[in-house]
2 protein chains.
Amino acid sequence: MTHLRHLPLGFGGEFDLIAAALRQWGRLASGVGDDCAVLEVPPGVRLVLSVDTAVEDVHFRRAWLTPQEVGYRATTAALSDIAAMAAEPVGVAIAMTLPDAWRADFLAICDGIGDAVRAVGAKIIGGDLTHGRELSLTLTVVGHATSPLSRGGAQPGNALWVTGRLGGPLRAIRTWEGGGVPSPESRARFARPVARFAEARWLAWHGATAGLDISDGLVSDAGHLAAAGGVQVIVNLDRLPLATGASADEAAQSGEEFELLVTGPASLDAAAFEKTFGIPLTCIGAVAPPVSGEPAVEALHHGARVQLPRGHDHFPSA
Amino acid sequence: MTHLRHLPLGFGGEFDLIAAALRQWGRLASGVGDDCAVLEVPPGVRLVLSVDTAVEDVHFRRAWLTPQEVGYRATTAALSDIAAMAAEPVGVAIAMTLPDAWRADFLAICDGIGDAVRAVGAKIIGGDLTHGRELSLTLTVVGHATSPLSRGGAQPGNALWVTGRLGGPLRAIRTWEGGGVPSPESRARFARPVARFAEARWLAWHGATAGLDISDGLVSDAGHLAAAGGVQVIVNLDRLPLATGASADEAAQSGEEFELLVTGPASLDAAAFEKTFGIPLTCIGAVAPPVSGEPAVEALHHGARVQLPRGHDHFPSA
């Protein structure tokens, strides 16, 4: 395998590509150079790690994104997993499978990866570049957490909160798949998501009991909170904060939002949150005891129980 | 993205596959279940991390390996990177892109991954399963090291040592590509490599100054030691320990051996090493000052300097 570390005395095109990427990243990748990344972990801190893959025509289509956005989005999606744990980002390792058809875009993809890593104050700590027939990016992200916010702590009586506005990514995908051009807002929500590090730490600090980032879709991810906590999660579809142009149904299903879904006190100061971070924090439901001892999700619309919309499953052709 | 963690209340085929894999792995994957893996890192220990990808038709062909071997080999290749740092393995995260053509082999691949993880006493800590058009496995491996053995410590006057016998994987590939059937030994060297954890720690303990695992080919990897240490590395091709049927030229070029190449004292007790581990430890060269200030690799054959054979570049069609 051709590792990012295999720079000196290397040969062949992959080594040239790696050298160019390392030059472009500069100090952002200054630790790269041995068999492994070596990380110092301060005492009392736990290390969190997550792995996330983005594959062309499964997670995005080439026509939708610039190469920079492909790199940025894949990296942010991976970072979002550790953001949701209320962690501090530390390092990102990049495994890229690069087909010939994307070779000319390699440095632009790396530029987008670098943007995402820089945006959260992390470093590039290593990677692996290989040939292949389809573009694939697997990002491994590591961070530190003193009190990781897990999925499993939801308590009956908690409120259910969500950051930001939902539905943008699904609205963008539906518009593209219908042959249209998404609004700038919808497109940005798909192409330039944000990993909510500071927001998650604020929520943990203010008493959040459980949380995750919305990657499969709100209702689906609410199900993960219910299952992990052994509780019932009630989602009020009438209260969902909607991205411009998105329906409540889209907001409930839209995946890869990377907004935070947390349980915690009903008394969270949403105005202070919005003032600090510039995005809304909305109470959209509650946590109740399990139903006949079983975890469950219940969606309410105009006060009545409704069939759960199916969660995000990438797009139909995938 | 469909994470290994998305088990409860999940839907669709990928969730079923993940559930089946987790059942099969049992306690080996008992920590899987949140946004991230959370790792406790004891004080005074450094964390090492490496990422490695195996792609069908780049790193192996389907006709050559059983699905179990595909999983085992990819995982061992990744583990070998941290073995070479003289680390203790801790956890493995699995990102798998699974085409329909391999779907029936999913559990067998997972079984091979499990074998490789179990063999070194590590755990499965997470992952990501996605669709795609080609089978791809990206393994992220983490370990602990108190004194990581890096590539950069080679000193003029050191001897150059290698574990095991070389040339088997290239011999197997050449036989397959020529339409033949490799010998059981060559095939095993390709299909069932070993991550040399205990061997690397023995070597570090006995004074090794630098080391890596042979992944690009002996001469190429000697070049990495030379570059990282700012030294000249002299490889005596006449002394290479050969796998049955392999030529010295093949032993010098064969990649993905995962044997250790280290610099250290000339006085290492090779007999004690072989008695402990059941594989040879062979002195195959020396470290000298750089040539005109430049790192270099020199290969000797019958005492004369020879053109460096080109290192491993996967196979020609890749």
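Guide: First, a term: a charge sits over a ring if NZ of Lys or CZ of Arg is within 6 Å of the ring centre and within 35 degrees of the ring normal. By that rule, the charged end of B:Arg192 sits over the ring of B:Tyr72, 3.8 Å from its centre. This is a predicted model, where local features need pLDDT of at least 70 and side-chain atom pairs pLDDT 80 or more, while totals for chains, interfaces and linings use all residues. Side-chain values use heavy atoms, without hydrogens and water.

Visitor: Which ring does B:Arg73 lie over?
Guide: That's B:Phe190, with B:Arg73 over its face at 3.9 Å from the ring centre.

Visitor: And what does B:Trp64 do with B:Phe190?
Guide: Their ring centres are 5.6 Å apart and the planes are at 80 degrees, so the pair is edge-to-face. Rings of Phe, Tyr and Trp (its six-membered ring) pair if their centres lie within 6.5 Å; planes under 30 degrees apart are stacked, over 60 edge-to-face, the rest tilted.

Visitor: Where do the two sit in the chain?
Guide: B:Trp64 is in the loop between strand 3 (46–55) and helix 2 (67–83) of chain B, and B:Phe190 is in helix 5 (residues 184–191) of chain B, 126 residues apart. Helices (H or I, at least four residues) and strands (E, at least two) are DSSP runs, numbered from the N terminus.

Visitor: Buried or exposed, that B:Phe190?
Guide: Buried, at a relative accessible area of 1%, and B:Trp64 is buried too, at 6%. Buried is under 20% relative accessible area, exposed over 50%, partly exposed in between (1.4 Å probe, protein chains only).

Visitor: How many aromatic pairs over all chains?
Guide: A search of the whole structure gives 12. In chain A, ring pairs join A:Trp64, A:Trp176 and A:Phe190 into a cluster.

Visitor: Switching topic: what's phi at A:Asp57?
Guide: Near 70 degrees, a positive value in a residue other than glycine. A:Asp57 is in the loop between strand 3 (46–55) and helix 2 of chain A and is partly exposed, at 29%.

Visitor: And what about phi of A:Glu256?
Guide: Also positive, near 50 degrees. A:Glu256 is in the loop between helix 8 (248–253) and strand 10 (260–264) of chain A, and is buried at 3%.

Visitor: Last one: at what angle do helix 2 and helix 3 of chain A pack?
Guide: About 35 degrees, with axes 6 Å apart, for residues 67–83 against 106–119. Axes are lines fitted to C-alpha atoms, for helices over the stretch in contact, and angles run from 0 to 180 degrees between N-to-C directions.

Notes. Residues are numbered from 1 along each chain as its sequence is written. Chains are lettered from A and ligands numbered from 1 in the order in which they are written.
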